[in-house]
Amino acid sequence: MLSVITDQKLLNIRRGTPVFEARFDDDEIMPFSPTPDITEVANAGHVLLVENTPGIPEQGAYTTISLQSGEKYLLNFDISDNELEGMFEVRLVDNTTNNDALKELIAQKQTGHISYTFTAPTTGSYTLSFLTYEQAQGYFSLDNIEILDITGLNP
């Protein structure tokens with residue numbers, strides 16, 4: 001006999017529990033802030049558009065989230081446009097210790113779905129940021145940004 005799961009709580013057991021989500025619908029409040037000297041961070045055409053000021057390194061968008069020590073998380077996001085002349089990086093910084101919990105470089109012109117797993121070293125506030133790397137110029141667009149708690153799952 002085939003059963004259909006209709007309870008959302010049971011569905012989350014398989015995919016993880018959402019901790020942070022940003023989908024960039026027209027009416028969504030912008031959950032990301034621009035770093036200083038950035039040209040633009042905007043909800044543009046249902047994506048997070050990050051356009052940097054030429055010649056200024058490590059510029060982009062950031063937000064703050066709360067994570068639990070020892071929990072395993074999955075970060076997912078989609079890159080729909082990547083017109084940077086250079087790379088950008090994804091960083092998750094523990095605001096208590098100022099240490100990176102995650103730091104990954106995204107290749108020049110790379111697009112598509114990206115996923116990373118990580119374990120939070122401490123309980124508390126973290127800064128999730130998408131930043132230009134070194135002197136990268138141009139813009140990139142992101143969507144479907146989420147962090148799922150996958151502790152105990154085998155993704």
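**Figure 1. Pairing of strand S1 with strand S11 in the predicted model.** In this predicted model, S1 and S11 run antiparallel and are joined by 5 bridges. Within this pairing, Glu21 stands opposite Glu146 in S11. Strands of a sheet pair through backbone hydrogen bonds, either parallel or antiparallel. Of the 11 residues of S11, 9 are buried, so the strand is largely enclosed by the rest of the structure.

Figure 2. Glu21 and Arg23 form a salt bridge in which the closest N and O atoms are 3.2 Å apart. Glu21 is partly exposed, at 42% relative accessibility. Arg23 also counts as partly exposed, because its relative accessible area is 27% and the range for that class lies between 20% and 50%. A salt bridge also links Arg23 to Glu146, with the closest N and O atoms 3.0 Å apart. This pair links distant parts of the chain, 123 residues apart: Arg23 lies in the loop between strand S1 (17–22) and strand S2 (33–34), while Glu146 lies in strand S11 (residues 139–149). Glu146 is buried, with a relative accessible area of 8%. Side chains of opposite charge can pair when their charged atoms come close.

**Figure 3. The salt bridge between Arg91 and Asp100.** The side chains of Arg91 and Asp100 meet in a salt bridge, with an N to O distance of 2.8 Å. Arg91 is buried, at a relative accessible area of 18%, whereas Asp100 is partly exposed, at 35%. Elsewhere, salt bridges that share partners join Glu21, Arg23 and Glu146 into one network. The structure holds 5 salt bridges.

**Figure 4. Glu89, a buried acidic residue without a salt bridge.** Glu89 is found in strand S7 (residues 88–94). Which side chain of opposite charge is nearest to Glu89? That side chain is Arg91, 4.1 Å away. Glu89 has no salt bridge to Arg91 because the cut-off for one is 4 Å between a side-chain nitrogen and a carboxyl oxygen. Leaving aside neighbours within four places in sequence, Glu89 is in contact with residues including Glu58, Lys103, Glu104 and Leu105. Ser129, Phe130, Leu131 and Tyr133 are also among the contacts of Glu89.

**Figure 5. Strands S4 and S6 alongside strand S11.** Strand S4 (residues 48–51) pairs with S11 in the antiparallel sense over 4 bridges. Leu49 has Ser141 as its bridge partner in S11. Strand S6 (residues 72–82) also runs antiparallel to S11, and 8 bridges join these two strands. In S11, the residue opposite Asp78 is Asp143.

**Figure 6. Leu75 and the largest nonpolar core.** The largest nonpolar core has 33 residues. Phe32, Leu75, Phe77, Phe130 and Ile145 touch the most other members of this core. With neighbours within four places in sequence left aside, the contacts of Leu75 include Val90, Leu102, Ile114, Ser115 and Tyr116. Leu75 is also in contact with Phe118, Leu128, Ile145, Glu146 and Ile147. In soluble globular proteins, nonpolar side chains tend to be buried together.

**Figure 7. The open sheet of five strands.** An open sheet is formed by 5 strands in the order S2-S5-S10-S7-S8, with antiparallel pairing. S2 and strand S8 (99–106) are the edge strands, each pairing on one side only. Inside this order, strand S5 (residues 60–67) and strand S10 (residues 124–132) pair in the antiparallel sense over 8 bridges. Ser66 stands opposite Ser125 in S10.

**Figure 8. The protein chain as a whole.** The chain has 1 helix and 11 strands. Along the sequence, the pattern is α-β-β-β-β-β-β-β-β-β-β-β. The protein chain has 155 residues, of which 39% count as buried. Among contacts between residues at least 6 apart in sequence, 73% join residues at least 24 apart. The protein chain exposes about 8200 Å², and carbon and sulfur atoms supply 48% of that area.

Conventions:
Residues numbered from 1 in each chain as written. Predicted model: local features only at pLDDT ≥ 70, side-chain atom pairs only at ≥ 80, totals over all residues. Heavy atoms only, no water. Buried < 20%, exposed > 50% of the residue type's maximum accessible area, 1.4 Å probe, protein only. Pairing = 2+ DSSP bridges. Core = buried A, V, L, I, M, F, W, Y, C linked by side-chain atoms within 4.5 Å. Contact = heavy atoms within 4.5 Å. Lys, Arg positive; Asp, Glu negative; His and termini not counted. Areas by Shrake-Rupley, 256 points an atom, 1.4 Å probe, with all protein chains shown as cover.
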